[in-house]
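This briefing describes the structure shown below, grouped by topic for a computational reading.

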Amino acid sequence: MTGPIAVCILSRDEAPLLRENVAHLIHDEGISHIIVTNHVSVEANKAVLAPFGDKIVTQFDEPNVLPFDQNEWRTRMCRTAIRKFGASWCVCADTDEFWFNLCELQQVPKRYNSVIVKRVYEHYGTMEDPA
């Protein structure tokens, strides 16, 4: 695959963790396109994203409506990543899901249009909890 990898994050009231995850994606993983859907957060999600500038190109705000339509929102983020950035891969994540070695997706042969990833749950600490 030749296009960039985009990460699409659905976030609600997790501003410090969102800042930490986006910093990790940009600085550690080399991701240049991140799309965030802000689901009625009362915390400062937009404020913590502002320092990243054009790395966070698109943000959507969703009202507090039922049903909670996560599939529609994630699909919209991925379609935006493909349309705006020519993304070859769209990785959907929640704010607290940190992804590693995303560059390896570029090695997946074109004939595959999806991959299955094993989740590993581990606590790495946060900026506020350096443990």
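With which side chain does the side chain of Thr 95 make a polar contact? The partner is the side chain of Ser 11, at 2.9 Å; a polar contact is a pair of N or O atoms within 3.5 Å, where, within protein, one must be able to donate a hydrogen and the other to accept it, and residues adjacent in sequence count only if both atoms are side-chain atoms. This is a predicted model, in which local features need pLDDT of at least 70 and side-chain atom pairs count only at pLDDT 80 or more, while totals for chains, interfaces and linings use all residues. Residues are numbered from 1 along each chain as its sequence is written, and side-chain values use heavy atoms, with hydrogens and water left out.

- Thr 95 is buried, its relative accessible area being 0%; buried means under 20% relative accessible area, exposed over 50%, and partly exposed in between (1.4 Å probe, protein chains only).
- Beyond four places away in sequence, the residues that Thr 95 touches include Ile 9, Leu 10, Arg 12 and Asn 21; contact means heavy atoms within 4.5 Å.
- Ser 41 is placed in the loop between strand 2 (33-39) and helix 2 (45-49), and counts as buried at 15% relative accessibility.
- Not counting residues up to four places away in sequence, Ser 41 touches Ser 11, Arg 12 and Asp 13.
- Between the C-alpha atoms of Ser 41 and Asn 64, 23 residues apart along the chain, the separation is 9.3 Å.

**Strand 1 and its neighbours**
- Seven of the seven residues of strand 1 are buried.
- Ile 5, Val 7, Ile 9 and Ser 11 are buried on one side of strand 1, and Ala 6, Cys 8 and Leu 10 on the other, so both faces are covered.
- Strand 1 runs parallel to strand 4, joined by six bridges, with Ile 5 opposite Trp 89; two strands pair if DSSP finds at least two bridges between them.
- Strand 1 also pairs with strand 2 in the parallel sense over six bridges, and Ala 6 stands opposite His 33 there.

**Nonpolar cores**
- The largest nonpolar core has 21 residues, of which Ile 9, Val 22, Ile 34 and Leu 102 touch the most other members; such a core is a set of buried Ala, Val, Leu, Ile, Met, Phe, Trp, Tyr and Cys residues joined through side-chain atoms within 4.5 Å.
- Two or more residues come from each of strand 1 (5-11), helix 1 (15-28), strand 2, helix 2 and strand 4, and helix 1 gives the most, with six.
- Apart from this core lies another, of nine residues, among them Ile 35, Met 77, Ala 81 and Phe 85.

**Cysteines and the salt bridge**
- The structure holds zero disulfides (cysteine sulfur atoms within 2.5 Å).
- Cys 8 is buried, at 0% relative accessibility.
- There is one salt bridge, defined as a side-chain nitrogen of Lys or Arg within 4 Å of a carboxyl oxygen of Asp or Glu.
- The side chains of Arg 74 and Asp 94 form this salt bridge at 2.5 Å, N to O, linking helix 3 (residues 70-85) to strand 4 across 20 residues.
- Arg 74 is buried at 13% relative accessibility, whereas Asp 94 is partly exposed at 27%.

Definitions and conventions: Helices (H or I, at least four residues) and strands (E, at least two) are DSSP runs, numbered from the N terminus.
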